[in-house]
Amino acid sequence: MHHRLSEKVSHYLSDVKTDELADFLSALSHDYQSSETTDQEAEKRITQLEGIEKELKQTVSLISATLETSQEGVLVIGDDNQPVVSNDNFINMWNLNREWINNSSGRDIYEIVRVQLKQPSLLLEHLREVDAPSSATLKEYLLKDGRIIESYISHHVDAGVVWRFRDITEAKKQEEIIRFQAHHDALTNLPNRTLFGDRLSHALRKILRTDGKLSVFYLDLDGFKTINDSLGHMVGDELLVQVAKRLSDVLRDDDTVGRMGGDEFTVLLEDIEGHADVVRLAERVIDVFRAPFVLDGQELYITTSIGVSVYPGDGQTEELLLRNADIAMYKAKDQGRNNYHFFTSSLERLAKHRLSLETMLRNAVKNEEFELYYQPVLTLGDGIEAISLNGFEALLRWETKSQGFIGPDTFIPVAESTGMILPLGEWVLKAACKQARVWVDMGFPDIKIAINLSAKQFQQTNIFEMIIAAIRNAGIGFHNVALEITESMVMQNVHGSIEILSRLRERGISISMDDFGTGYSSLNYLKTLPIDILKIDRTFVKDVTESKDDRAIASSIITLGHNLDMRIVAEGVETPEQRDFLSSQGCDMVQGYYFGKPLPAKEAIAPYTNL
Ligand code: C2E
Ligand code: CA
Ligand code: CA
């Protein structure tokens with residue numbers, strides 16, 4: 001009997017680890033075993049103990065009932081790393097069975113839980129956090145099967161590690177839906193005013209650190225009210241849904257389309273290079289309204305008016321950009337609808353002009369409307385008689401059918417920003433080398449052709465090979481070519497530039513630093529760059545006879561260049577006085593209208609053929 005009781009007590013002790021009870025019971029059983037007792041007393045005690053046993057049984061069944069009715073999966077692992085308690089929810093949640101659990105260690109159970117997680121390492125981290133007694137953590141696990149399970153792990157001094165799991169997959173889904181609904185328009189599923197505003201202010205924060213641009217469109221459908229009133233709200237709603245879809249389809253993935261309410265939509269364009277991009281996208285939006293909408297079996301035409309604002313010019317805040325786009329939208333309506341209007345109209349003209357220039361330029365490359373003109377570069381000697389022809393600078397000319405000549409200062413930036421400079425630059429390279437060959441054959445074996453390179457062109461990976469090939473194919477010598485680069489080109493990638501320029505120079509090609517004095521004019525770079533020739537920018541040459549400062553700059557550049565073993569070309573020489581001053585300062589070469597304007601090849605060479 002003694003034995004039976006103490007066994008029972010220890011059995012309950014292992015199941016119910018309640019301090020007080022445990023203490024009380026062990027004292028009791030100790031008492032019972034050691035003391036000299038009469039049978040009567042013993043009987044009394046046994047009755048007492050059986051009462052306690054009953055209570056304990058109740059407690060245990062209460063605990064297990066609680067465990068089994070809980071929504072949570074519960075597992076308790078004792079400090080000896082053996083599972084103490086687990087409920088059916090736990091077993092089902094982790095696809096286990098009771099028998100397996102009864103024969104497994106805590107470690108086995110961790111392992112089988114771990115492998116079901118999408119990110120198994122999380123569990124270990126989690127367990128480490130609860131290593132210390134009386135610590136607890138709450139985590140979310142994503143399972144490989146897609147469920148989301150929340151786990152609360154706590155470490156109790158007596159019970160061991162208590163895990164509670166809750167399947168929150170549904171709750172999460174609901175949360176997501178509610179969040180989506182709060183930020184989207186119920187009819188079209190587009191971002192609503194709130195979310196659109198968030199995206200815009202986020203984009204503004206991002207762009208603040210760069211010198212980027214972004215644009216906001218404010219769209220309003222023309223005559224939507226009439227459709228709504230005459231055909232009914234159902235048809236009106238369907239139209240809005242279709243408009244939303246067309247807008248989303250036509251814009252780029254990174255652009256945001258939103259619905260402000262009614263028939264008003266907004267668009268956020270990020271990552272725009274310039275106004276030409278904006279014009280292009282606005283026209284694309286207008287275009288998607290050209291096809292009829294099919295509503296309730298009938299075809300319906302509708303147009304839109306768009307107001308455009310551009311950051312930073314038209315506002316720096318979310319509110320301003322939206323408001324100004326809205327204002328511009330009313331202007332678009334005033335001007336006859338079915339069009340777009342920029343908040344700043346001068347920008348609109350500029351953007352349209354640029355866009356048409358771009359289109360013309362594209363065709364010009366195809367139609368070969370380009371020609372190279374050549375301006376002589378002369379070597380100064382002692383006295384006027386000693387002036388001799390060094391070579392020519394090749395300068396690009398574009399003669400359009402509609403607008404006559406357009407200067408390189410106007411179209412080269414456009415060609416650069418659209419990438420058209422690459423085929424164009426390659427064409428210049430080949431044509432200039434071919435022309436050099438003609439002149440070499442005419443009896444100018446050492447003639448030097450100066451070719452301007454643009455920054456984009458210079459960044460091409462195969463630029464070295466392209467230059468070498470152009471020279472080889474033309475059958476001229478490397479000494480017949482000088483490449484004109486600018487400081488800003490080099491600054492974009494100093495190391496890469498030095499590498500390419502050095503390789504070109506090793507072959508015998510001359511490198512000229514163009515427009516010197518207008519850019520960074522960093523003496524440090526000048527020293528490290530492989531340069532043969534410095535070209536003094538014509539702005540300093542222009543006033544050299546009137547301005548003391550310009551005289552000082554010109555003669556300093558000459559001295560500086562000579563000290564670095566470079567030769568100096570002065571450009572834009574228009575008068576004999578300028579020539580004399582430059583000559584007196586030891587300038588090596590000159591170029592300018594005084595000696596010859598840029599002309600087509602035949603006319604350019606003519607003065608030198610009878611010498
Ligand atoms: P740049 O390289 O500084 O070319 C010299 C410019 O000065 C040329 O203008 C030339 O016509 C002009 N010029 C020459 N002598 C005088 C003078 O005595 N007085 C005045 N006022 N101007 C003079 P252009 O041909 O309009 O070229 C402008 C710029 O366009 C060039 O400046 C160059 O940066 C660029 N460019 C021209 N052709 C090409 C080309 O084939 N490729 C590239 N990438 N750029 C080119
Ligand atoms: Ca030049
Ligand atoms: Ca120049």
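I began with ligand 1 in this predicted model, and I found that 22 residues surround it, with Gln375, Arg397, Arg538, Glu574 and Tyr593 as the closest. Sorting that shell by class, I noted nine nonpolar, five polar and eight charged residues.

Next I looked up polar contacts to oxygen atoms of ligand 1. A polar side-chain atom of Arg538 lies 2.7 Å from one such oxygen atom, and a polar side-chain atom of Asn452 lies 3.1 Å from an oxygen atom of the ligand. Tyr593 takes part through its backbone, where an N or O atom lies 2.8 Å from an oxygen atom of ligand 1. I then checked the cover and saw that, of the 800 Å² of accessible area that ligand 1 has on its own, the protein covers 85%.

I asked where ligand 1 sits, and the place turned out to be the largest pocket. Two or more residues of the shell come from each of strand E14 (388-400), helix H15 (408-418) and strand E18 (510-516), and E14 gives the largest share, four residues.

The calcium ion (ligand 2) is 3.9 Å from the calcium ion (ligand 3), and Asp514 coordinates both. Asp514 lies in strand E18, whereas Glu571 lies in the loop between strand E20 (567-570) and helix H24 (576-584), so I recorded that this pair ties together parts that are 57 residues apart in sequence.

Terms used. Residues are numbered from 1 along each chain as its sequence is written. Chains are lettered from A and ligands numbered from 1 in the order in which they are written. This is a predicted model: local features need pLDDT of at least 70, side-chain atom pairs count only at pLDDT 80 or more; totals for chains, interfaces and linings use all residues. Side-chain values use heavy atoms; hydrogens and water are left out. A residue is near a molecule or strand if one of its heavy atoms lies within 4 Å of it. A polar contact is a pair of N or O atoms within 3.5 Å; within protein, one must be able to donate a hydrogen and the other to accept it, and residues adjacent in sequence count only if both atoms are side-chain atoms. Accessible areas come from the Shrake-Rupley method with a 1.4 Å probe; for residues, only the protein chains shown count as cover. On a 1 Å grid over the protein atoms alone, a cavity is a set of points where a 1.4 Å probe fits but cannot get out, and a pocket is an open set with protein on both sides within 12 Å along at least five of seven lines; lining residues have an atom within 4 Å of a point. A molecule sits in a cavity or pocket if more than half of its atoms lie within 2 Å of its grid points. Ala, Val, Leu, Ile, Met, Phe, Trp, Tyr, Cys and Pro count as nonpolar, Asp, Glu, Lys and Arg as charged, and the others, Gly among them, as polar. Donors are N, O and S atoms within 2.8 Å of the metal (3.2 Å for Na, K and Ca); water is not among the atoms, so sites may look incomplete.
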